[in-house]
Amino acid sequence: MSTFYVTTPIYYPNSEPHAGNAYTTIAADVLARYHRLKGSEVCFLTGVDEHAANVYNAAEAEGLSPQAYCDKIAPTFVKLWERLNISHDIFFRTTSDLHKRGAQKFLNVLYDNGDVYKGKYEGYYCLSCEEFFSEKELTDEKICPTHKLPLQWLEEENYFFRLSKYQDRLLAHIDENPDFVYPAARRNELLNFLKSGLQDVSISRASLSWGIPFPFDPEHIIYIWIEALSNYITALGYETESEQYQTFWPADVHIMGKDITRFHALLWPAMLMAANLPLPKHIVGHGWLTKDGEALSKTRGIFIDMDGDIATYGVDAFRYYLLREFSFGNDGDYRPARLHARYNADLANDLGNLLNRVLGLVNKNFDGTPEPTTPGEFDNEIKQMAQATVDKLDEHIKAFAFDTALETIWEFVRRINRYIQQTEVWTLAKPETKSRMGTILYNSLEALRFISVLISPFIPETAEKIQKQIGLSEFDTVAEWGRLPVGLTVSRGEPIFPRVDTKKQKQPQPKATAKPKQKQEPKTTELVSFADFQKLDLRVARVLAAEPVEDADRLLKLQVDLGTEKRQVVAGIAEHYTPEVLIGKQVIVVANLEPATIRGIESQGMILAGSGDSVVLASLEEDMPLGTQVR
C-alpha cells in the first residue's frame with residue numbers, strides 16, 4: 001500500500017486559533033481525505049508549538065505558568081478542528097516527552113556531525129514570529145514586515161548551526177526538483193535569497209527558561225524554530241526509529257502560510273542534510289487570507305468571524321468557500337458577500353436543487369432506484385465526462401489547485417443539470433417512455449453518487465448526506481461509473497443547502513400593531529425600441545488569456561477569440577473571477593461597441609454579465625461555435 005504523510009505547521013497557542021490557521025488545516029485535510037480515497041495509508045499531523053517566548057509572555061500576562069496556559073489553550077485548537085471536520089491522525093504538543101526526547105536526539109546528531117558550534121549573537125529579532133533578521137532584510141524603520149512591530153536588538157552567547165555550509169546543496173536540490181517548493185513565486189523568492197548568500201543561524205537561547213534544554217549544555221534551551229521543525233519527525237517516533245517513522249518519513253507535503261516558507265524550505269532541509277535524513281517531497285507556502293486587504297493577525301486584532309459564518313451557512317459551506325474562492329498560492333480577500341453568493345449559486349442552486357429534483361422525480365414515478373435499460377442521447381457523454389472529471393481532479397490536486405479542482409467537479413454538476421433539461425425527463429412518465437425515464441434518472445442518481453465521492457475530501461458532511469438520501473447505507477468511496485445498485489429506497493430529506501437570506505435576517509421584524517407598507521410598483525428603466533436592440537451584435541467568444549490590470553482591483557484584461565478574429569476586452573470582474581478560472585470559458589461579447597480606453601488599455605467590446613450581490617458571467621447551456629450570433 002502506498003503511503004501519504006501531510007503536515008500543517010504546529011501553531012502558536014498564544015491565543016485561540018483564527019481563520020488563517022483554519023485555512024491551512026482545511027487544505028491539509030483535503031489532501032489527507034483525497035489520498036485515503038485513492039487507497040493510500042495516510043498520516044495527517046497537526047498540533048501546537050508551545051515552547052515559544054510569546055506563549056511564555058501570554059501565560060505571564062494571565063498569571064499562569066506556561067504549562068498551565070498551554071493546557072488551557074491547546075484544547076481550543078482540538079475543538080475547532082472537530083467543528084471543521086478535520087480528520088487529523090496526530091494532534092501533537094511540543095511539551096510532550098516524546099517530542100522533548102526526539103528534539104534532543106536530533107540536536108545531538110547535528111552536534112556530533114560537527115554542524116553546531118558556540119558563538120556570540122548580535123542582531124534584530126521579532127518576538128511575535130521568533131525570527132532573526134539579517135542586515136539585508138532590515139527596513140529603515142526596523143519593523144517586522146509581517147507583524148508591523150518594532151524589532152528588538154538582542155545580544156547573547158548562543159550555539160549556531162552551520163547553515164552556510166549547505167547553501168550549494170540547497171540550491172542544487174531546488175534547481176533539480178522544480179516542484180519541491182510551491183507555488184513558483186515562493187520558489188523564485190527562495191532561489192533569490194539563496195543566491196544572495198546564507199549565514200549561520202543561532203539555535204539556542206540562554207536568556208529563557210521555557211523550552212527544551214540542550215542535551216550537552218543545560219544552560220541553553222533549543223531555539224523554537226529548530227525545535228518546532230523537528231516535530232515532523234519526533235511525532236512519528238524518530239527517537240526510537242519506530243515503525244510509524246520508518247513508514248511515513250519523508251513527508252509528502254508540508255503545508256504552511258507563505259511567511260514561514262523559508263524556515264521549511266531552507267533551514268529544515270539543511271538540518272536534515274546535516275543529519276543524513278531524507279528531505280520532504282513538497283513544501284507548500286500558500287497565500288494569506290486577508291481582510292480588507294490586510295493579513296489576519298492575532299497580534300494586531302485582524303480576524304474573520306468564523307463562528308458567525310459557520311452558524312449561518314454551515315461548516316461545509318465555509319470549507320467550500322475558502323477552497324473555491326481563492327487560488328491557493330495567492331492571497332485571498334475574505335468577503336462574507338462572496339461566501340453568500342457562492343452558497344446560493346454553487347451549493348444551494350447547482351448541487352442542492354439537482355439532488356432535490358432528481359429525488360422528487362424518482363419518488364413520484366418509481367418505487368426505488370430504476371434500472372438503466374433504455375440508453376439514449378447524452379448518456380455516453382455523461383459517463384465519459386465522469387471519468388474525465390476524475391482524471392482532471394487528480395491533476396489539480398497534485399498541483400494544489402483546489403479552486404480549479406472544485407470548478408472541475410462543478411462543471412460536471414452543471415452538466416447533469418443540463419442533462420435533466422435536455423432530456424426533459426419529467427415528460428417521460430407515459431408507459432411507452434417510462435423505461436427511458438428510468439435510465440435517465442438512474443444516470444442522474446449515479447452521477448450524484450459519483451459527485452458525492454469527488455466532493456467528499458472538500459465537503460465531507462454534504463457527501464454523506466447525498467449518499468444517504470439516494471439510498472446508500474454505507475458511504476461508497478469508489479469513483480467508478482455504474483456502481484449504484486438498483487432498487488434502493490431514496491429518501492428526499494431536508495435540503496442539503498437551505499436558502500439563506502442574509503438581508504431578511506438583518507431586517508427587524510415589524511411590530512404586530514404596525515400597518516403593512518403599501519407595495520411599491522417596481523421602477524422601470526427607459527424603454528428602447530426593438531430596432532435599437534437589433535443594432536447590438538452579440539457573439540459567442542472563448543477566453544484565451546486573462547490577467548489583472550495593474551493598480552485596478554476590479555479589472556481584468558482578456559484576450560478573446562470570436563472565431564474570425566481575436567480581440568482584447570477589459571472587464572470589471574476581477575473581484576469575482578480569477579484569471580485561471582476564466583481561461584477556456586465561452587462568454588458572450590458585445591462585438592460592435594466603439595473601442596474604449598480603460599486605465600490606458602484599449603477595450604474592443606464588452607463581456608455580458610449579471611450583477612447584484614455578485615457578478616455572474618452570461619453563459620450558454622452548452623458550447624457553441626465561436627462567433628455564433630446570440631439572438
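Student: Before we get to the sheet, what makes two strands pair?
Tutor: Two strands pair if DSSP finds at least two bridges between them. Strands (E, at least two residues) and helices (H or I, at least four) are DSSP runs, numbered from the N terminus.

Student: What's the strand order in the open sheet?
Tutor: The order is β15-β14-β16, three strands with mixed pairing. This is a predicted model, where local features need pLDDT of at least 70, side-chain atom pairs count only at pLDDT 80 or more, and totals for chains, interfaces and linings use all residues. Residues are numbered from 1 along each chain as its sequence is written, and side-chain values use heavy atoms, without hydrogens and water.

Student: Which are the edge strands?
Tutor: β15 (294-295) and β16 (332-333), as each pairs on one side only.

Student: In what sense do β14 and β16 pair?
Tutor: Parallel, over two bridges; β14 covers residues 289-291. Leu-289 stands opposite Gly-332 in β16.

Student: Switching to helices. At what angle do α2 and α3 pack?
Tutor: About 95 degrees, with the axes of α2 (residues 53-61) and α3 (residues 66-83) 9 Å apart. Axes are lines fitted to C-alpha atoms, for helices over the stretch in contact, and angles run from 0 to 180 degrees between N-to-C directions. α2 and α3 are therefore roughly perpendicular (65 to 115 degrees).

Student: Which residues make the contact?
Tutor: Val-55, Tyr-56, Ala-58 and Ala-59 of α2, with Pro-66, Tyr-69 and Cys-70 of α3. Contact means heavy atoms within 4.5 Å.

Student: And α13 with α17, at what angle do they cross?
Tutor: Roughly 10 degrees, with the axes coming within 11 Å. So α13 and α17 are roughly parallel (under 35 degrees).

Terms used:
Parallel < 35°, antiparallel > 145°, perpendicular 65-115°, else oblique.
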